[in-house]
Amino acid sequence: MKIRLTYFNFPFWRAETSRLALHIGGIEFEDVRLGGDDFRAKKAAGDFPYGQLPILEVDGRVFAQSVGIAKFCGKLSGLYPKDDDLAALQVDEFLDAAAQITSFVNPSMREKDPDKRAALREELGKETFPHWLSLLEKRMGPGDYLVGESLTVADLAIWRLMGWLTGGVLDGIPKDLLKSHTRLEAHFKRIDGREDIRAWMQKHYG
């Protein structure tokens, strides 16, 4: 099976979940990272089913949508439940939650007026994200991982989502957003501290 995963060169959960799943699972794949010009040219050429990334090519067939790709890569790598439908449903829930939480940022991304943009970000940082992180925390499993007793793509997605929210790349969003969400913070540190993940992040992002 020839696998090619295409996204931009930054560790956003929409693709990093799948990149890391394949890497941790020892699945060989081509890790394609596009710059802005290449992306725009390929988009104009109709190379992306929905005009966006990531895309996954499997033996020449093109597939899209980050959650579906993450589930497929998780199945290949053993990081998605195969024989437990309820556990799979839980993993799906976290992946969809990551997508929903991400969507809350979109209005502020589109806003051109700096004052209105700042107001939107302030609301996100003080109200929206704290509320949703509290909801997310209540859905976490009792152990070290979100679902079951071992790493899944749900852990990878939520880890990178938290890294994005608290990494300082979103102006107006407090870096200490996880301070009052101790279980999510502990989960983030646990996944972030894995040797295989640390080595991957160091290799690709310095």
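This is a predicted model: local features need pLDDT of at least 70, side-chain atom pairs count only at pLDDT 80 or more; totals for chains, interfaces and linings use all residues.

Me: Are helix 1 and helix 3 roughly parallel or roughly antiparallel?
Reply: The axes of helix 1 (residues 13-24) and helix 3 come within 8 Å and cross at roughly 10°. Angles under 35 degrees count as roughly parallel. Helix 1 is therefore, relative to helix 3, roughly parallel.

Me: Which residues of helix 1 make the contact with helix 3, and how many nonpolar residues does the contact have?
Reply: On the side of helix 1 the contact is made by W13, R14, T17, S18, A21 and L22. Helix 3 contributes S66, V67, I69, A70, C73, G74, L76 and S77. Sorted by class, this contact has one charged residue and five polar ones, and the nonpolar residues number eight.

Me: With which side chain does the side chain of S66 make a polar contact?
Reply: S66 is placed in helix 3 (residues 66-77). The polar contact of the S66 side chain, at 2.9 Å, is with the side chain of R14.

Me: Is S66 buried or exposed?
Reply: The relative accessibility of S66 is 5%. Buried means under 20%. S66 therefore counts as buried.

Me: Is the peptide bond from L53 to P54 cis or trans?
Reply: P54 lies in the loop between helix 2 (36-44) and strand 3 (55-58). Most peptide bonds are trans. For the bond from L53 to P54, omega is near 10°, and the bond is cis.

Me: What is the phi of D59, and where does D59 lie?
Reply: D59 lies in the loop between strand 3 and strand 4 (61-64). At 52% relative accessibility, D59 counts as exposed. Most residues other than glycine have a negative phi. D59 is not a glycine, yet its phi is positive, near 50°.

Me: What is the phi of Q65?
Reply: Q65 is in the loop between strand 4 and helix 3. With 37% relative accessibility, Q65 counts as partly exposed. Q65 is not a glycine either, and its phi is positive, at about 80°.

Me: Are helix 4 and helix 6 roughly parallel or roughly antiparallel to each other?
Reply: Helix 4 (residues 85-103) packs with helix 6 (residues 114-138) at an angle of about 180°, and the axes are 12 Å apart. Angles over 145 degrees count as roughly antiparallel. The relation between helix 4 and helix 6 is therefore roughly antiparallel.

Me: Which residues of helix 6 make the contact with helix 4?
Reply: Helix 4 takes part through F94, A97, Q100 and I101. By class, the contact has six nonpolar residues, one polar and no charged ones. The residues from helix 6 are F129, W132 and L136.

Me: Which residues are in contact with L165, leaving aside its neighbours within four places in sequence?
Reply: Beyond its sequence neighbours within four places, L165 is in contact with I101, F129, L170, I173, P174 and L177.

Me: How far apart in space are H181 and L136, C-alpha to C-alpha?
Reply: H181 is in the loop between helix 7 and helix 8 (182-192). At 3% relative accessibility, H181 counts as buried. In sequence H181 and L136 are 45 residues apart; C-alpha to C-alpha, the distance is 9.7 Å.

Me: Which backbone oxygen does the side chain of H181 reach?
Reply: Apart from neighbours within four places in sequence, H181 is in contact with P130, L133, S134 and E137. The side chain of H181 also reaches, at 3.4 Å, the backbone oxygen of L177.

Me: Is T128 buried or exposed?
Reply: T128 lies in helix 6. Its relative accessible area is 19%, and the cut-off for buried is under 20%. T128 is therefore buried.

Key: Residues are numbered from 1 along each chain as its sequence is written. Side-chain values use heavy atoms; hydrogens and water are left out. Helices (H or I, at least four residues) and strands (E, at least two) are DSSP runs, numbered from the N terminus. Buried means under 20% relative accessible area, exposed over 50%, partly exposed in between (1.4 Å probe, protein chains only). A polar contact is a pair of N or O atoms within 3.5 Å; within protein, one must be able to donate a hydrogen and the other to accept it, and residues adjacent in sequence count only if both atoms are side-chain atoms. Contact means heavy atoms within 4.5 Å. Axes are lines fitted to C-alpha atoms, for helices over the stretch in contact, and angles run from 0 to 180 degrees between N-to-C directions. Angles under 35 degrees count as roughly parallel, over 145 as roughly antiparallel, 65 to 115 as roughly perpendicular and the rest as oblique. Ala, Val, Leu, Ile, Met, Phe, Trp, Tyr, Cys and Pro count as nonpolar, Asp, Glu, Lys and Arg as charged, and the others, Gly among them, as polar.
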